[in-house]
Amino acid sequence: MMKIQDINTLGQLKKSGYKPRSVKEEIRANLIRSIQQKEQPFTGIIGYEDTVIPDTERAILSRHNILFLGLRGQAKTRMARQMVDLLDEYIPVIAGSEINDDPLAPLSKFAKDLIAEQGDETPIRWLHRSERYGEKLATPDVSVADLIGDIDPIKAANLKLSFADEKVIHYGIIPRSNRGIFVINELPDLQARIQVALFNILQEGDIQIRGFKLRMPLDILFVFTANPEDYTNRGSIVTPLKDRIQSQILTHYPKTIEHSLAITEQEAVLSKDQASLVDISDLIKRLIEQVAFEARNNEYVDKKSGVSARLTIAAFENAVSTAERRALIHGEEKTQVWISDLSGIIPAITGKIELVYEGEQEGPYQVAVNLLDKAIRSQFITYFPNPEQVKKRRPTGKKSMEEKEPENPYKSIIRWFDGGNHLDLLMDSKDEVRIQTLYKVDGLYAFVKKYFPQANEKQQALLMEFVLHGLAAYSLISKRTIEGKVEFKDLIGSMMNLGDMQFDSEEEDYN
């Protein structure tokens, strides 16, 4: 059997036994082979194994055009682009054809005329699957000419042809994607009259250009992406067009922290220098992911807009960069991301959440700070006893001698702050200084050591800092961020903001 690179003419192609098939049949056959061989056709797509991917495979097996419908940052375009891997590696096309004419089933006048003139000597070339993908971001200025085509007056003048000659047509991006995959991103952004122009292509598979009596049955797998129709006032998918898209697949955000962690780990970009300089613990990673989960359920965040997975990716990169900057300032050879470093992820949050009216009144910065506090609160109880249960007391009544009040594991820590002590953690302080500062709190080290006896010094210090932020999130102590430092105090003293001298003077008056 001849090798692909040795087949250069139509006659050689016929002798090779090549048989053409539609792009949907081609993708379907390759998917069947992939499933039978237990291969994963969609790599790097995490969290869709039991939902979106099976739906997509069913649509491909059914030879359907596909609409991925979901909020931003849900890997809709990535799913579409990965379908290219299900195409054959190479297919033959007529050399010089603008629309990838099949040598055995030509569509364009150019290809038909060339075959009529040269017969079996018609030159062919082999098209790689990477060249069989077309994508267009739908914007209000996209025209029918852009997508489908139009008469080209310059071509007509240069070739001295009449506008009635088919050779003067300039094909748009859709015909040029013939025998491949064509994706339209953000379909609702396409004007309604442009959407109408797609009806014939989807239903009958042909195109109409101006007044030409032209029937060109294109062979294309169409994939569309869209946000839900009620997202902003930009427009919607016209009903007859949606009716012509056979499979509508709903995408979603990661359903578990583990999936979200895996996505961020895969997508975040760190340099080798950053990776070697900065350690980032599983605790910090989970806090960052928890921010996104909190945002998606927050009353101040617009749920119709969604919270993209890009938020946690950018936040992860910012957290590492915050620690890196601090290490560079002090000339440290190694550092880790501390809880207070998470203040550096605020810019990654504020730019990626859409707020409702009440959220705008609160302000994007304050909403981001609140989301971070809620994330700390949610994750805290997976590491340490729930402070809410500590607050609850047994009902009053007669107790037996054996019955005792439940022991408060945070008692010694809170008592230290109640004694008038406070702790200032400078955000840009050296690791050594930060650790020494944390050890000042009575009972803090012993508390962490009890629950995490195997942790090393820096891990213990990170957990000690986490305890302080957690107790503040549960309103057992107060926390205030001012002028590059985080200040922890007792809750009551902080609320009243009264000094000892004031009480003394009042006592003297009573005497």
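Predicted model: local features only at pLDDT ≥ 70, side-chain atom pairs only at ≥ 80, totals over all residues.
Residues are numbered from 1 along each chain as its sequence is written, and side-chain values use heavy atoms, with hydrogens and water left out.

The chain has 25 helices and 14 strands, both taken as DSSP runs numbered from the N terminus (helices H or I, at least four residues; strands E, at least two). Of its 511 residues, 47% count as buried, that is, under 20% relative accessible area with a 1.4 Å probe, protein chains only.

Helix α18 (residues 364–380) packs against helix α23 (residues 457–473) at an angle of about 105°, their axes being 9 Å apart, where axes are lines fitted to C-alpha atoms over the stretch in contact and angles run from 0 to 180 degrees between N-to-C directions. The two helices α18 and α23 are therefore roughly perpendicular, a term covering 65 to 115 degrees.

In helix α20 (residues 411–418), the residues Ile-413, Ile-414, Trp-416 and Phe-417 are buried. Seen down the axis of α20, these buried residues fall within an arc of 150°, so they line one face of the helix, the arc being that of the directions from the helix axis to the C-beta atoms. Their cover includes α23 as well as β12 (423–426) and α22 (444–451).

Terms used: Buried < 20%, exposed > 50% of the residue type's maximum accessible area, 1.4 Å probe, protein only. Parallel < 35°, antiparallel > 145°, perpendicular 65-115°, else oblique. Contact = heavy atoms within 4.5 Å.
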